[in-house]
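Hi,

I'm passing this structure on to you, with some notes on what turned up in it. Have a look first, and then read on below.

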Amino acid sequence: MRISIHFREPNHMTSTTLDQKDISDASADALIMVDGVPLKQKLAETTKKQRSRALLLTVPLVLFLVISFVIPIGQMLFRSVHNPAGSNVLPNFAIAIQDWDGKGYPSEAMFELFVKDMQNARKKREIGKTVGNLATRMNYTIPGTRSLFTSTSRKLSKVTEGPYKEALFKIDKKWENKVIWRNLKRVSRDYTIAFYLAALDHKFDDDGDIIAADKLYQIYVSNFFKTLKLSAIITFLCLLIAFPVSYLLSILPLRTSNLLMILVLLPFWTSLLVRTTAWIAILQTQGILNNILVSIGLVSDDGRIQMIYNQTGTIIAMVHILLPFMILPLFSVMKTIPPSYMRAARSMGATPFTAYRRVYFPLTLPGIAAGTLLVFILAIGYYITPALVGGEDGLLISNLIAYHIKSSLNWSLGAALGTILLVTVLVLYWVYNKLVGIDKLSFG
Amino acid sequence: MAASDAFVRFEKVQKSYDGEILVVKDLNLDIAKGEFLTMLGPSGSGKTTCLMMLAGFEPATNGDIYLDGTSINHVPPHKRGIGMVFQNYALFPHMSVAENLAFPLQVRNMGQAEIKEKVQRTLDMVELGAFGDRRPAQLSGGQQQRVAVARALVFEPDLILMDEPLGALDKQLREQMQYEIKHIHEQLGVTVVYVTHDQTEALTMSDRVAVFEDGVIQQLSTPQELYENPKNAFVAQFIGENNRLLGVVEKIKGNNCTVKLDDGTIIKADRVNVSSVGERSSLSLRPERIEIDPPKSMENHLTGVIRELIYLGDHIRVRMDVAGNDEFIVKVRNRADKRDLSEGQKVKIGWKSSDCKALDVR
């Protein structure tokens, strides 16, 4: 990894460099070349070709970033507020229903459009525009309404003439519930914040006001906080372990430290899956660690400790996996701290501890800042490890996102959760920048 | 100097890092209070190791180091009370200049007001009174150097160690700093142990110079003595410019001897460290002690062919071929009455036997 955001000025800024700065500051606006062109303009002309060539070289990367990064993220942001299931399935009804004021029932004309659109959708069976799509979408708003739509759709094929309202009510009594129609009106709009509300454990009530979701469905906010808490714990543990290791690496002779560095990087060369599975073998109740504890009599056979498939498992495995991301920036910063600083401090009368605390430690701060930021942001979005060893308790927000993208297929909710995660990280980054200063980071 | 006078004393000190090679071999050295002693030598000669042992960063493998009469072998660095100036200054980059200077006082739990006063006084002494709030990186090399010196002085140690402190400066600044450090030493009367590989620096600043080579002090004496009377071929080569003529000792008479050069020329010289007739010897001769068209009173007369003339303003460097050595240098002072010289010309040269030292061959 070679992200270089160095903050430290060169140790010895000589008097000449200072002088040069003064000169350029004083005369930059006044200089005219012999042919009458201002210096700055001339300079821009002569370097233009160079710069455009340099820019050209970045085109592949820019294209790659746009295709792999900007477009998908833009799509995700868009999908979290845009869900056209209503207007796709019921194009005419979706427009008409917006004129309804929500009191009483919609007009007979609207019922007719609803029935016609439902029949059309059933006939055409276009992908993404089936009654099933609408049923799923409605099911997010009113759990349990999926079958109402699908069964009604089937029975509606026999309805050929009005009055459509009565026909519907005859098919299923549930259509008499006005709440369904109010929700149907909301669902018919393409743009909605309903998924953000859901991601924040809120929902629209029957009157369209925002209220807290039912206790049973309040899982996301607490999970966000759990994710933040676990990430913070993981980051702290990484720092605690990485600091002495990096220090050791930085003071050892190059040959030894290179060898040890390979050991640090070794996990990178092993499959994530293998590493995580190894932790399962070690930590499970019938695993190595528990067996040892039982055999030396520290715990009884029926008192085996549950160390995996919970938060403990997630923390242990993730600290292991993210440790190199803490060690590398710390090491690269510590490597640049000359041993003479500590010696100077000692020669001036500082005890080893004082010298460490007042001289060495402050100089490692850029590395600590970079390492903690890196590990924290990686941890907050981690997915595989918690999925494998987290059990139910150790699941993080990314596992919920994955669930909605892969299993429940509620992409809009997944996108909303993802967007909130993205915003959270950006906010944290901003706060961090205010506290530490991103220009002070040193990734090595 | 009597042993009891010694402020710093190395007694039979030996040092090895790897258990195979001795970097310092049987070092015995007394340094008087208030003395400016320079350890001079090429890199790898053991001088810096000696300094580090004195500062406490390296333990002596054998022998004792005394400071003010007590052995400090088992005293940790922070309790030795020795000020130190490092090669790259080692100014703490995260502290301002004033904070750097305050550091040694703070760890001594001095009061705020006293710290402030002392820091300001020391900064004024090195003429950086107005720079207290700057960061070291905002200072020029020379200024950083002065801060480093000030920081070593601020807690008023009796002994200050300097490890090639001027190495990173350009020539002009280096010369200026040499005088400044020397003046500070004279003003404060502290004992200074100074390590350098630059012989001019050593000659300019020191009361005494210890020339190190191969872990051994080759010669310990005043700068003048070192230049005028080098004890062996290494010192003669290392200090100042030196012409070298090789030959065999023919005759020894008291402190004088006669050496027959490899081309048969007979030279009269001061006997320094040759012991017997028939021994090979290298004759050491300073370029400025050689005369062109020498007076009769000089004992040695030779002929040389001029190969190259280099005009240096105050003097002219003449490289000539003398007795089979075509790297023979003569410095001719640029006087109004100097003789015109040209390349290829044959000239007579001569020198006094007392200016020519018969030394060992290395």
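**Strand pairing in chain B**

E291(B) stands opposite G350(B), which lies in β19(B). That contact belongs to an antiparallel pairing over two bridges between strand β15 (residues 291-292) of chain B and strand β19 (residues 346-351) of chain B. Strands here are DSSP E runs of at least two residues and helices are H or I runs of at least four, numbered from the N terminus; two strands pair if DSSP finds at least two bridges between them. β19(B) also runs antiparallel to strand β16 (residues 300-311) of chain B, with six bridges joining them. In that pairing, V305(B) faces K346(B) of β19(B).

A word on the source: this is a predicted model, in which local features need pLDDT of at least 70 and side-chain atom pairs count only at pLDDT 80 or more, while totals for chains, interfaces and linings use all residues. Residues are numbered from 1 along each chain as its sequence is written, and chains are lettered from A and ligands numbered from 1 in the order in which they are written.

**Helix α3 of chain A**

α3(A) has a kink of about 40° centred on V66(A) (the bend is the angle between axes fitted to the seven residues ending there and the seven starting there). Among its 23 residues, one is buried, meaning that 20 or more other C-beta atoms, placed from the backbone, lie within 10 Å of its own.

**Where the chains touch**

25 residues of chain B are in contact with 23 residues of chain A (C-beta atoms, placed from the backbone, within 7 Å). Elements giving two or more residues to chain B's side are β6 (82-85), α2 (97-106) and α4 (141-153) of chain B.

Best wishes

Notes: Buried ≥ 20, exposed ≤ 12 C-beta atoms within 10 Å, placed from the backbone. Contact = placed C-beta atoms within 7 Å.
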